[in-house]
Amino acid sequence: MLVRSIELTEIKLPLVHFFETSFGRTYERRIILVRVTDDDGHKGWGECTAGETPSYSEEWTGSCWEAIEKVLAPMVIGKKVESANDVWGLMKQVRGNRMAKAAIETACWDLEAKKLGVPLWRHLGGVNREIACGVSIGIQDTVEQLLEKIKTELDAGYQRIKIKIAPHWDHDVIKRVRETFGMIPLMGDANSAYTLADTDLFKRMDDFGLMMLEQPLPHDDIIDHAKLQAQISTPICLDEPIKSPDDARKAIELKSGRIINLKNGRVGGHNQSRLVEQTAREAGIPVWCGGMLESGIGRAHNIAISTLAGYTMPGDVSASNRYWHEDIIEPAVYVSSSGTILAPEEPGIGFEVNEDRIVRAAVRRSVV
Ligand code: OSB
Ligand code: MG
């Protein structure tokens, strides 16, 4: 494979409903889309999953635009590699910037799968064509609104409900959810809103029988998480601190958690996701595919990687219409009434990219 050019487009997409986490509220996404072209004219699409502000991680739309355009694209263009799996290695002199790297790397995987005429999920080594889906529901203005949203998603068939939690929206909210819906598959995601000083709160929350508690402690921590996990029965799921296969290995060794939320962007793309998946699978640690409020392109990549054997729990990969009035891919992503998505059999990501829609939503463009 030899990439000849990389096009970046930043689009602005308003969310159907705001999304609030412990670090803030998002009404509108600013998403960088990457299209790579090889020397035979084959094309592939990738999406940068960074947020609008450096709150979830250090990366954000602004930093990723600079990183892709000025640093990473020039490292990849014109370099011949055996396969898309080697594109990660072309960028190895650059530290961090994994979401920026993943945008290019995943686009190369789409290109390669299209060139070979195979669906990306098979090309990645996927085995389960039908993936299990959950939803992530943000903090709402009132508990009643949250209960209403949970009902909608349960009625739609989703296999588990994740709610965002934060110090003003935790124990008593979960109690109301349990009282209303009983023992539904339920979990909480704190996005690092707590410290070990809150251990007693988490001990009390053990009574709720949550499937897992995602990222209660600081974004870069795996030590305190091990201390907390030793004191609570609810499995801890790590998100933010697992940025590489080595991070996964260390967290598993330290018993920092029992489950990993694996996000393509956070670890740097499909090459690294496959290695994290392998590390976790060999250690008997389940992974599931996390979401970053992706548009259809990132969502399609999430569907593909979710088919790997180690992705054994429902992910945050859900229908397009939960996020967008009109997605940028066709067809949009639909979820079955049993809460599953069937990975497409068409080549590459398996969805058509609606370029008119992208042009309409574009705010800047650059060709490297
Ligand atoms: O922590 O998993 C998270 C969204 C933005 C940033 C971080 C997270 C999330 C989600 C949303 O939980 C998942 C989704 O529906 O895409
Ligand atoms: Mg999370």
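The largest nonpolar core in this predicted model has 112 residues, and the members touching the most others are Ile6, Val34, Ile104, Ile163, Met205 and Ile260. A nonpolar core here means buried Ala, Val, Leu, Ile, Met, Phe, Trp, Tyr and Cys residues joined through side-chain atoms within 4.5 Å; buried is under 20% relative accessible area, exposed over 50% and partly exposed in between, with a 1.4 Å probe and protein chains only.

Now the pockets. They come from a 1 Å grid over the protein atoms alone: a pocket is an open set of points where a 1.4 Å probe fits, with protein on both sides within 12 Å along at least five of seven lines, and lining residues have an atom within 4 Å of a point. Points are joined across faces, edges and corners, and the volume is the space filled by probe spheres set on them.

| Pocket | Volume | Lining make-up |
|---|---|---|
| Largest | about 460 Å³ | eight nonpolar, eleven polar, eleven charged |

Of the 30 residues lining the largest pocket, Phe19, Thr21, Phe23, Thr26 and Leu293 sit closest to its centre. Strand β2 supplies the largest share of that lining, six residues; strands are DSSP E runs of at least two residues and helices H or I runs of at least four, numbered from the N terminus.

The second largest pocket has 16 lining residues, with His17, Ser136, Lys149, Glu153 and Arg322 nearest its centre. Here β1 gives the most, five residues. Domain 1 and domain 2 each provide at least three residues of this lining.

Some bookkeeping: residues count from 1 along each chain as its sequence is written, and chains are lettered from A and ligands numbered from 1 in the order written. Local features need pLDDT of at least 70 and side-chain atom pairs pLDDT 80 or more, while totals for chains, interfaces and linings use all residues, and side-chain values use heavy atoms, without hydrogens or water.

Technical notes. Ala, Val, Leu, Ile, Met, Phe, Trp, Tyr, Cys and Pro count as nonpolar, Asp, Glu, Lys and Arg as charged, and the others, Gly among them, as polar. Domain bounds come from an automatic or database domain assignment.
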